[in-house]
Amino acid sequence: MATAPLATLRAISPLREMGAYEALWAKSETTFTSLARKFREAPDLLPSDFVAEYEAKFFADIVMQMLRDSGVKQFGIRVHRAGEYPKKLRDAEDPVELLYYRGWWDLVETRSVAVVGTREPSAQAVERTSKLVRLLVNDKFTIVSGLARGIDTAAHNAAIKAGGKTIAVIGTPLTHSYPKENATLQERIANDFLLVSQVPVYRYSKQDFRRNRGFFPERNKTMSALTEATIIVEAGQTSGTLIQARAALKQRRKLFILDNCFQNPSLSWPHEFESRGAVRVKEYEDIRKSLVPDVNPT
Amino acid sequence: MLTQLDALYLPHHWYLDAADECYFGGEYTAGQGYTYSETNQLILNLKKKMERRGLPDWGYKARAIRQAAMNLREYLRPQFLASATFVPIPPSKVVGDPEYDDRMTQVVQLLGENVDARELVCQIESTLEAHTAETRPGPRTLYNNYQIEESCITPTPSQIAVVDDVLTTGAHFKAMKRILGETYPDVPIVGIFIARRVPGTE
């Protein structure tokens, strides 16, 4: 399509970058770590610099078709070094070069915190999530979570119910939702708020669920990088949530752990993270005074 | 870096087609959307009404004009800056109107002393601003209200870059491309925008 001066402008073609990203991911050995290494070694290059133009086009066409077939009418992408790519994502150990989104990208620029936790929460944990989210919304924070069952779902729902804003960073491509029962919530967030995915559409469709599960913890690292702080409501000793906790500390984000986690004698992780800098939260004020120090106590 | 308006975003700017070569820097969420991003701040300040002149917030407009020029310089390689002719899309109000706002002319003039920036196209009559008009004018209406500034047509450019702050429907670019194409039939014309409007926002 372009007749002239791509070479004399500093410009990217989003569709070509998307196709190139998908092509890189189509190789079975590709991981977020291997991709991040590639771009660390060649910081001036784009996905399209590693992939032949026809190959990028091949994958762009396939993926556009897959998105259309799944009912995604409008979506956008963000590419490192092009407009609107959030610099804060570079704080991740293996930052994403490209991501997909639906909805209001602008929400990425709001002050936001991640509220996350187990997929099998206690009734009290769900109640705590709702209360916490109401208070955070009241302080104008955007609530970010991963659209998983349990705490994530409670966090998104509470944010919407409280009239707040919410962002879902999902572990599936835009073409899928997991769990299935959250499809409606995902659609609502995509229309009214913001839905973000770093998961390659083609690769996901070509491998089984066991390998695709690996995308969930990857999105937790991105979620942490996207936010100022991560708050853990409830999580088991082997929960994927702890991946995000580690990422948050590594990325120099604040990490809050609700007090009830400390009171469970079978868990050692709350104490481990506290010793590494996490804040034990006995009341909302513990979060508030750390995030909004310039505001008077309630 | 600029983003090329390729097939992914082309459908959002419905007067444009695959033969139009357009580039944008960031994305602007207009009106009912959220407005937290740097790009939104830049565009809102750039579009600040002339009636604010002399008021405390006026300085933001001048700063936004400089910022827009700096952004453009960063997007364009020296070779392009040296060889292209930069043509601002004319403002909706003509000279003499109290709301006459030559912000885009100022932006292209700040691109550098040796940069060829020319107001090659002007409007015959003032129109309502596109983003407040009830019905947006199409390319034909805009074209009919454009004229070439005869005093600036030489030398013939080798490459034209039509520059505007926000790409919305693409109607202005289309009208500019048509009138400039009539004067310079063999000169390639591209559109360069500080931002494109996010689809679904007015």
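User: How many of the 11 residues of H5(A) are buried?

Analyst: Good place to start! Keep in mind that this is a predicted model. Nine of the 11 residues of H5(A) are buried, so the helix is mostly covered. The buried ones are A:Ile151, A:Asp152, A:Thr153, A:Ala154, A:Ala155, A:His156, A:Ala158, A:Ala159 and A:Ile160.

User: What covers the buried residues of H5(A)?

Analyst: Look around the helix in the viewer. The cover includes the strands S4 (112-116), S5 and S6 of chain A, together with the helices H4, H6 and H9.

User: Let me pick one of those neighbours. At what angle do H4(A) and H5(A) pack?

Analyst: The angle is about 40 degrees, and the two axes are 9 Å apart. Here H4(A) spans residues 123-138 and H5(A) spans residues 151-161. To put a word to such an angle, remember that under 35 degrees would count as roughly parallel, while 65 to 115 would be roughly perpendicular. This pair is therefore oblique. As for handedness, the crossing of H4(A) with H5(A) is right-handed.

User: Which residues of H4(A) and H5(A) meet?

Analyst: From H4(A) come A:Ala125, A:Val126, A:Thr129, A:Ser130, A:Val133 and A:Val137. Facing them in H5(A) are A:Ile151, A:Ala154, A:Ala155, A:Ala158 and A:Ala159. Sorted by kind, the contact has nine nonpolar residues, two polar and no charged.

User: Now another helix, please. Which residues of H2(A) are buried?

Analyst: First, the general idea. An α-helix has 3.6 residues a turn, so residues three or four places apart point the same way. Now the case here: helix H2 of chain A covers residues 32-41, and its buried residues are A:Phe32, A:Leu35, A:Ala36 and A:Phe39. Viewed down the axis of H2(A), these residues fall within an arc of 100 degrees, so they line one face of the helix. The buried residues pack against helix H1 (14-26) and helix H9 (215-226) of chain A.

User: What about the peptide bonds: which residue does a cis bond join to A:Pro179?

Analyst: That residue is A:Tyr178, and omega is about -5 degrees. A:Pro179 lies in the loop between strand S6 (166-170) and helix H6 (183-192) of chain A. In chain B, the bond from B:Thr154 to B:Pro155 is cis too, with omega near -5 degrees. B:Pro155 belongs to the loop between strand S6 (146-148) and strand S7 (160-167) of chain B.

User: One last residue! Leaving aside its neighbours within four places in sequence, what is A:Gly103 in contact with?

Analyst: With that exclusion, A:Gly103 is in contact with A:Ala190, A:Phe193 and A:Leu194. A:Gly103 is part of strand S3 of chain A, and is partly exposed, with a relative accessible area of 30%.

Note on methods
Residues are numbered from 1 along each chain as its sequence is written. Chains are lettered from A and ligands numbered from 1 in the order in which they are written. This is a predicted model: local features need pLDDT of at least 70, side-chain atom pairs count only at pLDDT 80 or more; totals for chains, interfaces and linings use all residues. Side-chain values use heavy atoms; hydrogens and water are left out. Axes are lines fitted to C-alpha atoms, for helices over the stretch in contact, and angles run from 0 to 180 degrees between N-to-C directions. Helices (H or I, at least four residues) and strands (E, at least two) are DSSP runs, numbered from the N terminus. Angles under 35 degrees count as roughly parallel, over 145 as roughly antiparallel, 65 to 115 as roughly perpendicular and the rest as oblique. A crossing is left-handed if the near helix is turned anticlockwise from the far one by less than a right angle, and right-handed if clockwise. Contact means heavy atoms within 4.5 Å. Ala, Val, Leu, Ile, Met, Phe, Trp, Tyr, Cys and Pro count as nonpolar, Asp, Glu, Lys and Arg as charged, and the others, Gly among them, as polar. Buried means under 20% relative accessible area, exposed over 50%, partly exposed in between (1.4 Å probe, protein chains only). The arc is that of the directions from the helix axis to the C-beta atoms.
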